[in-house]
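Morning, everyone. Let me put today's structure up, and then I'll walk you through it.

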Amino acid sequence: VLQQPGALDKGFDPSIFIDPRKLHLTLLMLKLYSDEARHNAQQVLRGMKSQVNQVLSGQPLRLQLCGLDHMTDDPTDMHVLYLKGQHESVKLHATIISTRHRRQLSSSKQAAGQQDSKRQSARIGIDGRDILSEFADFDLGVYEVPALHLSQRGSYDSSGYYTCIHALPLDPN
């Protein structure tokens, strides 16, 4: 995408692509601002184990990862581009581009292709029409989900991945 002619003019730059170490599927986001709220969410996830096992009926959870979509009405001013994941009626997404991560460039560093670590205050969207049309049906195949994670946004482990505050293994046995 970055090698395409006019990519920079369309708002693309390396900083908006999600670090592969942080790539994940999102089922839902919870606003858990306190230790108590995080603890309660852990307890709920723990309590769902038998229900999840019953729904899976001893089978692994497999998701089809296919297609791209965006979270705005205007593909010429997109801020989030994601890969779609689906299993029956459950829809998930894996964000692959987010302008929230865009780094601000000073004019001297811009000419040298270097990035400042300071983030921009105003988000600048991307024109994603070409990437949507070219990769609309991009198929990564089927992914077997090993566990459901309750991850803490803004907190990372030593590998750079979100801190997992509780995991529910999806062991089919």
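Take the contacts first, where contact means heavy atoms within 4.5 Å. Among contacts in this protein between residues at least 6 apart in sequence, 58% join residues at least 24 apart.

Some ground rules. This is a predicted model, where local features need pLDDT of at least 70, side-chain atom pairs count only at pLDDT 80 or more, and totals for chains, interfaces and linings use all residues. Residues are numbered from 1 along each chain as its sequence is written, and side-chain values use heavy atoms, with hydrogens and water left out.

Now the layout. The protein has 4 helices and 6 strands. These are DSSP runs, numbered from the N terminus: helices are H or I, at least four residues, and strands are E, at least two. From the N terminus, the order is α-α-β-β-β-α-α-β-β-β.

Next, the surface. The protein exposes about 11400 Å², and carbon and sulfur atoms supply 51% of that. The areas come from the Shrake-Rupley method with a 1.4 Å probe; for residues, only the protein chains shown count as cover. Of the 173 residues, 29% are buried. Buried means under 20% relative accessible area, exposed means over 50%, and partly exposed is in between (1.4 Å probe, protein chains only).

What does the inside look like? The largest nonpolar core has 13 residues. Such a core is a set of buried Ala, Val, Leu, Ile, Met, Phe, Trp, Tyr and Cys residues joined through side-chain atoms within 4.5 Å. Phe12, Leu68, Leu81, Ile97, Ile126 and Ile131 touch the most other members. Two or more residues each come from strand S1 (61-70), strand S2 (80-87), strand S3 (90-98) and helix H4 (129-135). Another core, of 11 residues, lies apart from this one; Leu45, Leu61, Leu150 and Leu168 are among its members.

Look at Ile131. Leaving out residues up to four places away in sequence, Ile131 touches Val1, Phe12, Leu68, Leu81, Ile97 and Ala136.

Now Leu140. Leu140 sits in strand S4 (residues 139-145). Beyond neighbours within four places in sequence, Leu140 is in contact with Leu65 and Leu83.

Last, the cysteines. Cys66 is partly exposed at 28%, and Cys164 is partly exposed at 34%. How many disulfides does the whole structure hold? The search finds 0, counting a pair of cysteine sulfur atoms within 2.5 Å as a disulfide.
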